[in-house]
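Hi,

Here is the model I promised to pass on. Have a look at it first, and my notes on what turned up follow below.

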Amino acid sequence: MLEFLNPPFMQRALIAAVLVGITAPAIGIYLVQRRQALMGDGIGHVAMTGVGLGFLLSTNPVWMATLVAVAGSVVMELIRWYGRTRGDIALAMLFYGGMAGGVMLINLSDTGSNANLTSFLFGSLSTVSEEDVTAIVVLAAFVVLVTVGLRRQLFAVSQDEEFARVTGLPVRVLNLLVAVTAAVTVTVAMRVVGLLLVSALMVVPVAAAQQISKSFKVTFVLAVVIGTAVTLAGTVTSYYQDVPPGATIVLLAIGAFVVLTALATPLARRRARGSMREAERCTLEVPAARRAKDDVQV
Amino acid sequence: MPESSTPEPVISMRGATATLGARPVLRGVDLTVHRGEVVALLGANGSGKSTAVRSVIGQVPLTGGTVELFGTPLRRFRQWARVGYVPQRTTAAGGVPATIREVVSSGRLSRTKLGLPGRADREAVDRAIELVGLTDRAKDSVNALSGGQHQRVLIARALASEPEVLIMDEPMAGVDLASQEILATTLREQVAGGATVLLVLHELGALEPLIDRAIVLRDGCVMHDGPPPEAMGQHALPGHDHVHPHAASEPVRTGLLS
C-alpha cells in the first residue's frame, strides 16, 4: 500500500520534501510580515549562479548554491540599507544577472546539460542524491533553529523595525540573519520544488494559514502544517503520475489557500457580526417602539 | 518642578540640528526634560516636532548638537528598557495577523533581549494590557481594532518594559473620544507613579491638565518653552496651516457657531 516508500530515491525525496515543507513557511512568515514576499524569488534567481558554478567546478551544486545565495542575500540587505533611491534597479541587476550567469555557467560546464538545468529550475525527485540529503538536513536544522529560537525577536523586527531599534535589539544583525536564513531555505527547497517555485512555498502556506488565524503563533504552526502536507502530497503524486513535483506542490498549496479562504469568509462574517452586536448597535430602549414579536392588530 | 535625587535631566538635547534632504528641519533646538516632568512638544505641521522627538531616541541622525538620555550620550546609551517609545500610529499593520498580547510582548524585549521571557516578563505584559483596558481582548487580532484601540496597544507595548520615561509621537492623532479618555487616565496613572513624559501633540486637548511645560517649535526653532498657554491649541499656534486630516468626519469649527 505504501509502495512509494520502497525505492531509495523516493525515501530521499520524501525526507527533503518534509524539510522543505517545514522550513519554507517558517522563514516565509517573516518575509510576508515585513512585506518582502518576493524576496525568496530574487534569491532563487541568484542561487542559479551557484548551481552553475557547482557544475563548472564539479562540486556539489547544493553547497555552491548556498554560498552564492547567502552572498546574494547579504548584498540585497546592504542595498536595502544604503541604496534607498535606486534600490529596485540594483535588485533587478542582481536577480537577472544571477539567473543569466547560472544558465551561462551550466552551458559552459561539461557535466551540466539542459536536463540538469530544468531539474534545478522546477525540481526533480529522482536527482536528490545522498549527499544532497545530508546538506539539506544540516541546512534545515539551521533554518529551524533561527526561525523558532529567535521567533520573538524576529517578530518584533518584522512587525515594527523602528520600535525594535528603540528596544535595543541588534536590528541590523537580525535583518541580516533573516536574509541569510531565507537564502539557506532556498537551497534546501531547490532540489524538490525548484528555484523558480521556491518562493511560492515560502508565501502561499502563510497566506493560506492567515485566512483562518488571529495570531502570529497559530499562523506559524498552521503554515508549517500546510507546507508539510502539500510537499508530501505533491511528492507522492508526482511518483505515481508523471508530473513535475514543484508544480504539483505549488498548485496544491494554492488549492489549500482557496479552500481555506472559502471556509474563512463565513467565519469572518460571523465574527464581525458578533463584535458589531457588542459595540455598535444602539442599546437604548425606545419606550413606544413596536417589537417584531408584538401582536399588533390592524 | 521638585528637584529629583539624580541631578541630571532624563532628556537633554543641546543645539540640535538636522536636515531632511537639503532642507533644515531642526535649527539649533534645546530641549530638556527633568525627572517626573510632563513636557508637550507643540507646533504646526512641518515645524520639526516629530523629527525632534525621533532624534531623541536616535532614529533621526543629527548633523550637529548633542543628545543625552539619563546623563549618558545617546551614542553610548544602552539601557533602552528605561525608555518607552510610542511611535506615530501607522495605518499599515504587519502582513501577518498578530494578537494584542503578541504585539505588546515585543515591548518587553528591551529587558529580555535575546533570552527567554520568564514569569515576571509575562506578568508585566499582562499588566501593561490591563493598564490600557484591553485585557478582555488580549487574544484578538490587532487588525480588528479601531484606531483608538490600536493606539492603546502601542502604548501598552511601550509600558511593557516598565519604563521610566515615555516618549510619544502624536498619541492622540485619529483617536476616538472614548479611547482618548482611557489614554489620558493611563497617562495620569503613569505620571502619578513618577513617570517622565515627553509627547508630541497636535493640540493639548484631553491631556491639558497633565502637562507641566510646553515647548513650541516653529520652522525648526524653539519659539516658547514654559508653562502651557491656557486653552492653547493648534489654532493659536503661529504658522498653523489649517490642514485637517479628519476634516471629512468632523464638523468644521469656524468659531461662528460654536
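A quick word on burial before anything else: a residue is called buried under 20% relative accessible area, exposed over 50%, and partly exposed in between, using a 1.4 Å probe and protein chains only. By that rule A:Phe4 is buried, at a relative accessible area of 14%.

Now the housekeeping. This is a predicted model, so local features need pLDDT of at least 70 and side-chain atom pairs count only at pLDDT 80 or more, while totals for chains, interfaces and linings use all residues. Residues are numbered from 1 along each chain as its sequence is written, chains are lettered from A and ligands numbered from 1 in the order in which they are written, and side-chain values use heavy atoms, with hydrogens and water left out.

**Aromatic rings**

Rings of Phe, Tyr and Trp (its six-membered ring) pair if their centres lie within 6.5 Å; planes under 30 degrees apart are stacked, over 60 edge-to-face, and the rest tilted. Over all chains, the search of the whole structure comes up with 10 aromatic pairs. One of them is A:Phe4 with A:Tyr240, an edge-to-face pair at 6.3 Å centre to centre and 80 degrees between the planes. That pair links distant parts of the chain: A:Phe4 sits in the segment before helix 1 of chain A and A:Tyr240 in helix 11, 236 residues apart. (Helices, H or I with at least four residues, and strands, E with at least two, are DSSP runs numbered from the N terminus.) A:Tyr240 is partly exposed, at 42% relative accessibility. A:Phe4 and A:Tyr240 also belong to one aromatic cluster with A:Phe9 and A:Tyr239.

**Salt bridges**

I took a salt bridge as a side-chain nitrogen of Lys or Arg within 4 Å of a carboxyl oxygen of Asp or Glu. There are 20 of them over all chains. A:Glu130 pairs with A:Arg12, with the closest N and O atoms 4.0 Å apart. Here too, distant parts of the chain are linked: A:Glu130 is in helix 6 (residues 130-149) and A:Arg12 in helix 1 (residues 8-33), 118 residues apart. A:Glu130 counts as exposed because its relative accessibility is 59%.

In chain B, B:Glu123 and B:Arg119 form a salt bridge at 3.4 Å between the closest N and O atoms. These two are separated by about one helical turn, because they are four residues apart in helix 4 (residues 119-131) of chain B. B:Arg119 is exposed, at 65%, whereas B:Glu123 is partly exposed, at 37%.

**Where the chains meet**

With contact meaning heavy atoms within 4.5 Å, the interface takes 26 residues from chain A and 28 residues from chain B. Chain A and chain B bury about 2,500 Å² between them, 59% of it on carbon and sulfur atoms; buried area is the accessible area (1.4 Å probe) that two parts lose on being put together, summed over both. A:Phe163, A:Val166 and A:Lys214 supply 26% of the area that chain A buries against chain B, more than any other three residues.

Three salt bridges run between chain A and chain B. In B:Arg157 and A:Asp160, the side chains meet in a salt bridge at 3.0 Å, N to O. On the side of chain A that touches chain B, the elements giving two or more residues are helix 1, helix 7 (151-159), helix 8 (161-166) and helix 11 (216-240). Helix 7 of chain A has the largest share, five residues.

Leaving out residues up to four places away in sequence, B:Thr99 touches residues including A:Lys214, A:Ser215 and B:Asp140. B:Asp140, in turn, forms a salt bridge with B:Arg137, the closest N and O atoms being 3.0 Å apart.

**One buried arginine**

B:Arg213, in strand 9 (residues 213-218) of chain B, is buried, with a relative accessible area of 13%. Its side chain makes a polar contact with the side chain of B:Glu37 at 2.8 Å. (A polar contact is a pair of N or O atoms within 3.5 Å; within protein, one must be able to donate a hydrogen and the other to accept it, and residues adjacent in sequence count only if both atoms are side-chain atoms.) The backbone oxygen of B:Thr32 lies 2.3 Å from a polar atom of the B:Arg213 side chain.

Cheers
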